Amino acid sequence: MGRVLVDLRDQIDALRFTLDVPGADAAAVAAREIRDQLDDYVLPRVRAAATPLLAVLGGSTGAGKSTLVNSLVGARVSGTGVLRPTTSSPILVCHPENFDWFMGTDERPPGVLPTMGRVEGPAPDAVVGDQLVVIRTEAVPRGLAVLDSPDFDSLFEDHYGFATKLMAAADLWICVTTAARYADAQVWKMLERAREQGATLGVVLSRVQPGGGEEIAEHFAEMLDERDFGVAPRFTIPETTITDSRLPEDDIATIRAWLMELVDDLEARDEVIAETLGGVLDSFRVRIPQLAKQIEEQVDRRDLLAREVEAAYSTALAELDEATRNGALLQGEVLARWQDFAGTGDLLRALHLRRGKDAPKGSRRRHTAPRVRALKGALRSGLEALILAGAEQGAEQAVTRWQADPAGVHVLGDMAEQLGHVSPELSRRITRAVSAWQDHVLELVRTEGVIKRSIAKLVSFDEEALSVVLMVGIFGYGTSDVVVEGGTSAVPQRLLKSLFGPESLRGMSAKAKADLRSRITMLFDEESLRFHAALDQADIPDESLAVALYQATYNLEVAR
């Protein structure tokens, strides 16, 4: 089972909850706690079961934990006083023969809490930060260690962290509370937490006043039963005089007897250790799948952000589609160039009238008029500007959508300004794409633009000029007329239908539109890749991590 636990520990350590989604912060804390519990308690216990039993005393401020530790040890080893909290560093007291197990040696790390720093005591009033003070004394029997942890409701945030970390490393966690504070929410929160993490529990109610104290003790017992803590051993310490930081022996006799029984009876001791270890492993059945579900939340949010980008560019593409078919492109310079081309006779000259059946083959125009080239250039420039504006809109909308989501804000980081505009090289790519599309339309006219038989005997045509007319027809579809100098001419659609016939024209137009949309879609897809690259750089976990956690839970059950 050791190998399975090590693999699980490595998987937990590799977890990351990058995106700001509900539950992510709690999951990160839970993952850290599981990893620490594996390091501090589970792996050491699995590797060396026959080791001293560690009893950790935890409780609220002023509950009398340190006084109880001093009383059990028979000496003042943990600081007490009116100033709260007094215990600034966790203090562990053990028999000299067990000292190396808890302190560690040059050859071997400490048996429990190996990730925590160590200081050898006595140092009852020392303030040494996150280090564990280890004190050896023959007043503690072999096979037992007692640890006084910082108050779990201390105003100092690190004290709460110490308390929960030490609780998770205990074979036996003894909750100490007072007759005045036993109903506090924090007390029950810690009891629930201890149970969820598999700890074996004992409960001490201290400072019980004579007279009415029995009712308080009974009420506390009822609350324990109601919350299914009925199997936890319970002890009561009356309000009494403290001498030399210790309680009278009679007041702690039952607690001492209980601990001594666990030390003297190897079977009872092993049962407690096995029960706690089993409880911790049982808790992994719930705690680890919960982490996997949070990983799935991360994956789902990543997919949602990707879909937001797709939606932004799809909206921009749909608006661009509408602009290329409703005549919006045939404005400004494009309209002026069309009027110049159609109104000066170049349109008619592009259609060469044959002089009878014997017209020479070379009678087709070989030279494209400057006005055709100008109109073609204006169409290209207008289409390029339209595509560029659409891509800019897609980028702006994608950033706006991400900024509305805390997860998207995290991924954007300081790239919002950059991603909110098109990439610097897009303009060049658009120019190439539009030029290629115009060449494609010309090729369609050459290969599929078959003149109707009734007209072919009379007319030949300039292929490039007609391809430009076809583009105007595609972009002006749905308009009724195009105004030219001197009046109104039929729209290019009518001219094209008269030359090619409706069916052939529909085929060419459909292919030209599909090719243009394909090229624009490709341009937008390339632009959206910048957002996908940002998602990749954010180091968001993928679904394989969740699968691995589910598998690890199964492997652990099999190994047990």
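User: In this predicted model, what does "buried" mean, and how many of the 9 residues of strand E7 are buried?

Analyst: Buried means under 20% relative accessible area. By that criterion, strand E7 (residues 200-208) is largely enclosed by the rest of the structure. The number of its 9 residues that are buried is 8.

User: How many bridges join strand E6 to E7, and which residue in E7 stands opposite Thr177?

Analyst: Strands of a sheet pair through backbone hydrogen bonds, either parallel or antiparallel. Strand E6 (residues 172-178) and E7 run parallel, and the bridges that join them number 7. Within E7, the residue opposite Thr177 is Leu205.

User: In which order do the 8 strands of the open sheet lie, and which are the edge strands?

Analyst: The sheet is open, its pairing is mixed, and its order is E3-E4-E2-E5-E1-E6-E7-E8. An edge strand pairs on one side only, and this holds for strand E3 (118-120) and strand E8 (234-238). Neighbouring strands of the sheet are turned by 25° against each other on average, direction ignored. The edge strands are thus named as E3 and E8.

User: In what sense do strands E2 and E4 pair, and what is the bridge partner of Leu92 in E4?

Analyst: Strand E2 (residues 91-94) and strand E4 (residues 132-136) pair over 4 bridges, in the parallel sense. The bridge partner of Leu92 in E4 is Val134.

User: Which strands does helix H7 touch, and what angle does its direction make with that of E7?

Analyst: Helix H7 (residues 213-226) packs on the sheet, where it touches E6, E7 and E8. The direction of H7 makes with that of E7 an angle of about 160°.

User: Are helices H12 and H15 parallel or oblique to each other, and how does H12 pass H15?

Analyst: Helix H12 (residues 370-403) and helix H15 (residues 426-448) have axes 9 Å apart and pack at an angle of about 135°. H12 and H15 are therefore oblique to each other. H12 passes H15 in a crossing that is right-handed.

User: How do the residues of the contact of H12 with H15 divide?

Analyst: In H12 the contact includes Leu379, Leu383 and Ile387, and in H15 it includes Ile430, Val434 and Trp437. Charged residues also take part, among them Lys376 and Arg380 in H12. The division is 9 nonpolar, 3 polar and 3 charged.

User: Why are H17 and H19 described as roughly perpendicular to each other, and which residues of H17 meet H19?

Analyst: The axes of helix H17 (residues 463-475) and helix H19 (residues 502-537) come within 11 Å and cross at roughly 75°. Angles of 65 to 115 degrees count as roughly perpendicular, which is why H17 and H19 are so described. The residues of their contact divide into 7 nonpolar, 1 polar and 1 charged. On the H17 side, those that meet H19 are Leu470, Ile474 and Phe475.

Notes
Residues are numbered from 1 along each chain as its sequence is written. This is a predicted model: local features need pLDDT of at least 70, side-chain atom pairs count only at pLDDT 80 or more; totals for chains, interfaces and linings use all residues. Side-chain values use heavy atoms; hydrogens and water are left out. Axes are lines fitted to C-alpha atoms, for helices over the stretch in contact, and angles run from 0 to 180 degrees between N-to-C directions. Helices (H or I, at least four residues) and strands (E, at least two) are DSSP runs, numbered from the N terminus. Angles under 35 degrees count as roughly parallel, over 145 as roughly antiparallel, 65 to 115 as roughly perpendicular and the rest as oblique. A crossing is left-handed if the near helix is turned anticlockwise from the far one by less than a right angle, and right-handed if clockwise. Contact means heavy atoms within 4.5 Å. Buried means under 20% relative accessible area, exposed over 50%, partly exposed in between (1.4 Å probe, protein chains only). Two strands pair if DSSP finds at least two bridges between them.
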